[in-house]
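Open the model in your viewer and follow along. Each stop names something to select and says what is there.

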Number of protein chains: 2
Amino acid sequence: MRNVKIIGYGNYLPNNVVEFDGEKRYRCNGSETQLEMAVKAAIKALEKSKLKINDIDCIVSASAVTMQPIPCNAALIHEQIAKGTNIPAMDINTTCTSFVTALDTMSYLIEAGRYKNVLIISSDVASEGLNEEQKESYTLFSDGASAFVISKSEDCNQGIVGSLIHTYSEGVHATEIRGGGTLKTAMKYKPEDKADYTFDMKGKPILSLCVKKLPEMFKEFEEKYKVSLKDIDLVIPHQASRALPFIMQILKIDEKKYVNKVSEYGNMVSVSIPYMLCDLLEKGKIKKGNKVLLCGTAAGLTCNILLLNI
Amino acid sequence: MRNVKIIGYGNYLPNNVVEFDGEKRYRCNGSETQLEMAVKAAIKALEKSKLKINDIDCIVSASAVTMQPIPCNAALIHEQIAKGTNIPAMDINTTCTSFVTALDTMSYLIEAGRYKNVLIISSDVASEGLNEEQKESYTLFSDGASAFVISKSEDCNQGIVGSLIHTYSEGVHATEIRGGGTLKTAMKYKPEDKADYTFDMKGKPILSLCVKKLPEMFKEFEEKYKVSLKDIDLVIPHQASRALPFIMQILKIDEKKYVNKVSEYGNMVSVSIPYMLCDLLEKGKIKKGNKVLLCGTAAGLTCNILLLNI
């Protein structure tokens, strides 16, 4: 158990709403940026925590994509909320599960006393990189941001019970954007190569890899940390796709026990998990003592499971 | 003290060599990629460690720039060296000091027993993003890769004595690539905007910020960890620029005590620090018991200091 607690949280959705088959999606549409959303969520989380920026010991960006190739996202956020301070700014990235990986990783630094209060921000703007030719993913994503302030807890029953990250790179090309990094640079962009610069999702292979790998990973988690899914109050899975109920059924997670808001928000990339967690905390539906399992699949294929005693 | 040790290391330089004013620079020139260099360094480090890939508990990419917007670099490296395993793959990024931040961060997870052996890989291909109009930076950079296997040490005198990261975002726009992320996407690229998609370095403002901030940060480090720069055997600074001797003089670090290979290799972005560390380990110039200080400035402006008892 790594004794950490959530002391602040905040969500942000862009103003612009689009609809596909009666389902709402939130999209920046060029009027808001990944950075602006990150800053708005971070300020909300700070306000909720009642801390000042100077009380924060580390700013971590946990988003899937970068705002600029250089510097890292956290430095750009730092300029907006922490300019004039010397608070460290760093990025942690496992695509859609970046928030869980950042929470997982930074909990060790909090536990060891390196940092007391860590601000973790996820912000993604999927709408900048969708391919209208791929209807499934084109209609699936929302933009948004979510931020949390995580702090040391003195309560020995509060914190991270256990966590597991696995990467199965058989699936690395099943969800990707090939162009825009160094392997195919922005300066090589041509309109006829648009498919390489937008999100490419091969739904079926990724789903079959999940079906193959997730049950054994959940079993490993239960055995390693001597917990049973039955004892968990709530599961917050990454809102990856409309196949969520199918995956949850395979994992034998009762539909009353997990959050499924895909029809309301779609897939918010790295933001889905923290957004749902923040939303339920704001509504009072998650309370101190609750056992909440954060889990999800990310491009990679990377899978995370993390059990949090709130 | 976080008890970790280096059990494997490997460097890789691209084959192509260019010269500017008699100084060599190593550049991929389109014939090698950031991914290929990362893989070559990783394999060398693994061989040196005498471990098999299945002995590695986590693969961390610690590079400044991304190979693809999605997924993270570590997942792409995973496919080349760890496909079929479930080893977690994640990216940690503070631009030029990413290796130091990754070593610093992951040492807590090693210390806590989460992972035993961690493979950290830095690989950068600056030559893909230089602006020929900016002669200083155009002639400064080399491409390359460096990888380390870090493991738990049972020797209570071996490991990380202390570390400090500070970000001073007054300097966030002094070294940057503005275009290619979500703030100005690859698909918006036009040849006339090339300056926005290549590295923009404002040498003087960043140097004056370093002069202002680094002495107080080094003083803080010495006081916090009760060490004196005099007791350190070797300083490996990021090979940021030809101004390195000027900065070292301000920090009162004797020229015999620090590594200055800027004229031989230039600035290798995230690779400079691990490359120099690996090179000196390979040549037997760093030995067990040596106190080695890794330090550097990165876009952000982020500054790292980390003291390693080898």
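**Stop 1: chain A as a whole.** Remember that this is a predicted model. Select chain A. Its C-alpha trace spans about 55 × 50 × 35 Å along the principal axes. A compact globule of 310 residues would have a radius of gyration near 19 Å, and chain A, with 18 Å, agrees with that. Colour by secondary structure: chain A holds eight helices and 13 strands. Of its 310 residues, 58% count as buried. Now think about contacts between residues at least 6 apart in sequence: in chain A, 74% of them join residues at least 24 apart.

**Stop 2: the two domains.** Select residues 4-153 of chain A for domain 1, then 160-309 for domain 2. Their centres, taken over C-alpha atoms, are separated by 16 Å. Look at where they meet. Here 40 residues of domain 1 of chain A are in contact with 35 residues of domain 2. Which elements of domain 1 supply at least two residues each to that side? They are β1 (4-12), β3 (23-26), α3 (98-111), β6 (117-124), α4 (135-138) and β7 (144-152) of chain A. Pick out α3(A), which gives the largest share, seven residues. Colour this side of domain 1 by class: 15 residues are nonpolar, 18 polar and seven charged.

**Stop 3: the contact between the chains.** Select the residues where the copies touch: 63 from chain A and 63 from chain B. On chain A, α1 (34-49), α2 (73-81), β5 (89-93), α3, β8 (159-167) and β9 (175-176) each supply at least two. β5(A) gives the most, with five residues. By class, this side of chain A has 31 nonpolar, 23 polar and nine charged residues. The copies meet through the same surface, because 100% of the interface residues of chain A are also interface residues in chain B.

**Stop 4: the strand pair.** Zoom in on residues 89-93 of chain B, strand β5, together with β5(A). How do the two strands run, parallel or antiparallel? They run antiparallel, joined by three bridges. Finish on A:I92, which stands opposite B:I92 in β5(B).

Definitions and conventions. Residues are numbered from 1 along each chain as its sequence is written. Chains are lettered from A and ligands numbered from 1 in the order in which they are written. This is a predicted model: local features need pLDDT of at least 70, side-chain atom pairs count only at pLDDT 80 or more; totals for chains, interfaces and linings use all residues. Domain bounds come from an automatic or database domain assignment. Two residues are in contact if their C-beta atoms, placed from the backbone, lie within 7 Å. Helices (H or I, at least four residues) and strands (E, at least two) are DSSP runs, numbered from the N terminus. Ala, Val, Leu, Ile, Met, Phe, Trp, Tyr, Cys and Pro count as nonpolar, Asp, Glu, Lys and Arg as charged, and the others, Gly among them, as polar. The radius of gyration is taken over C-alpha atoms; the globule rule is 2.2 Å times the number of residues to the power 0.38. A residue is buried if 20 or more other C-beta atoms lie within 10 Å of its own, exposed if 12 or fewer, and partly exposed in between; C-beta atoms are placed from the backbone. Two strands pair if DSSP finds at least two bridges between them.
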